[in-house]
Amino acid sequence: MLKRCFDLMVACAALLVLAPVMLLTAIWIKTDSAGPVLFRQDRVGLNGSLFAIFKFRTMTATPLPAHQPGITVGADPRITRAGALLRKYKLDELPQFFNVLLGDMSVVGPRPEVPKYVATYPPQVRDIVLSVRPGITDLASIEYRNESELLGQAEDPETFYLQVVLPRKLEYCVQYVATRNIWLDISIIWRTILAVFGSR
């Protein structure tokens, strides 16, 4: 209950403070390229339930080919001009505060994955990771804040993601679930802000 109250307080405060930024971002996306302002995608949430995650659209509205990996690699040509800046400063993630209000997500928690990658989780790890609401940020998000560039250097990005990056992310997730508390959440939020803006 304390965690949920904390999430609601942070999400409401963030949406109130960031409302002008989100409005200007929406206008910029709409004028920069054809397509909707928001991107929605099915992700796996608490106890394995599916939900639609909200993001500002950062790519062209062309449908993703069936064979395309569910990850963004390097300087993907589908990324729009507005999208490049939104991704750099993680502004595309801001609509997920609405996911928090809806109860699909927490502010801090394991980042939600698409079903095809969750299917690769070891069963015991899957049960632990999905025992809490997924979050907008977590320790893995901080560690792999430049994930797209890292994957762009790999010969086979998806294999590298599944065999190297994802297992390390899951270690962070399991660690978070085992030690989670409000003070840890506050620490991760602060470290996220420093990682996004302090290192640029």
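**A walk through the model**

Start by selecting Lys55 and Glu93: they form a salt bridge (a side-chain nitrogen of Lys or Arg within 4 Å of a carboxyl oxygen of Asp or Glu), and their closest N and O atoms are 3.7 Å apart. Lys55 sits in strand 2 (residues 50-56) and Glu93 in the loop between helix 2 and helix 3, so this pair ties together parts that are 38 residues apart in sequence. Helices (H or I, at least four residues) and strands (E, at least two) are DSSP runs, numbered from the N terminus.

A word on what you have open: this is a predicted model, in which local features need pLDDT of at least 70 and side-chain atom pairs count only at pLDDT 80 or more, while totals for chains, interfaces and linings use all residues. Residues are numbered from 1 along each chain as its sequence is written, and side-chain values use heavy atoms, with hydrogens and water left out.

Back to the pair. Is Lys55 buried or exposed? Lys55 is buried, with a relative accessible area of 15%, and Glu93 counts as buried too, at 16%. Here buried means under 20% relative accessible area, exposed over 50%, and partly exposed in between (1.4 Å probe, protein chains only).

Next, pick Lys116 and Glu158, whose side chains meet in a salt bridge at 3.1 Å, N to O. Lys116 lies in helix 4 (residues 115-118) and Glu158 in helix 8, so the pair ties together parts 42 residues apart in sequence. Lys116 is partly exposed at 45%, and Glu158 is partly exposed at 21%.

Glu171 is partly exposed at 45%, as is Arg168 at 34%.

What does Tyr176 touch, leaving aside neighbours within four places in sequence? Show Lys3, Val108, Gly109, Pro110, Leu184, Asp185 and Ile188: Tyr176 is in contact with them, contact meaning heavy atoms within 4.5 Å.

Now go to helix 3 (residues 96-102) and click Leu101. Leu101 is partly exposed, at 32% relative accessibility. Beyond its neighbours within four places in sequence, Leu101 is in contact with Arg4, Leu8, Ala11, Cys12 and Leu15. Leu101 and Ala11 are 90 residues apart in sequence, yet 6.8 Å apart in space, C-alpha to C-alpha.

For a helix pair, colour helix 1 (residues 2-32) and helix 2 (residues 81-88), which pack at an angle of about 145° with their axes 8 Å apart. Axes are lines fitted to C-alpha atoms, for helices over the stretch in contact, and angles run from 0 to 180 degrees between N-to-C directions. Helix 1 brings Thr25, Trp28, Ile29 and Asp32 to the contact, and helix 2 brings Arg81, Ala82, Leu85 and Leu86.

Last stop: helix 9 (residues 182-198), the place of Leu194. Leu194 is partly exposed, with a relative accessible area of 43%.
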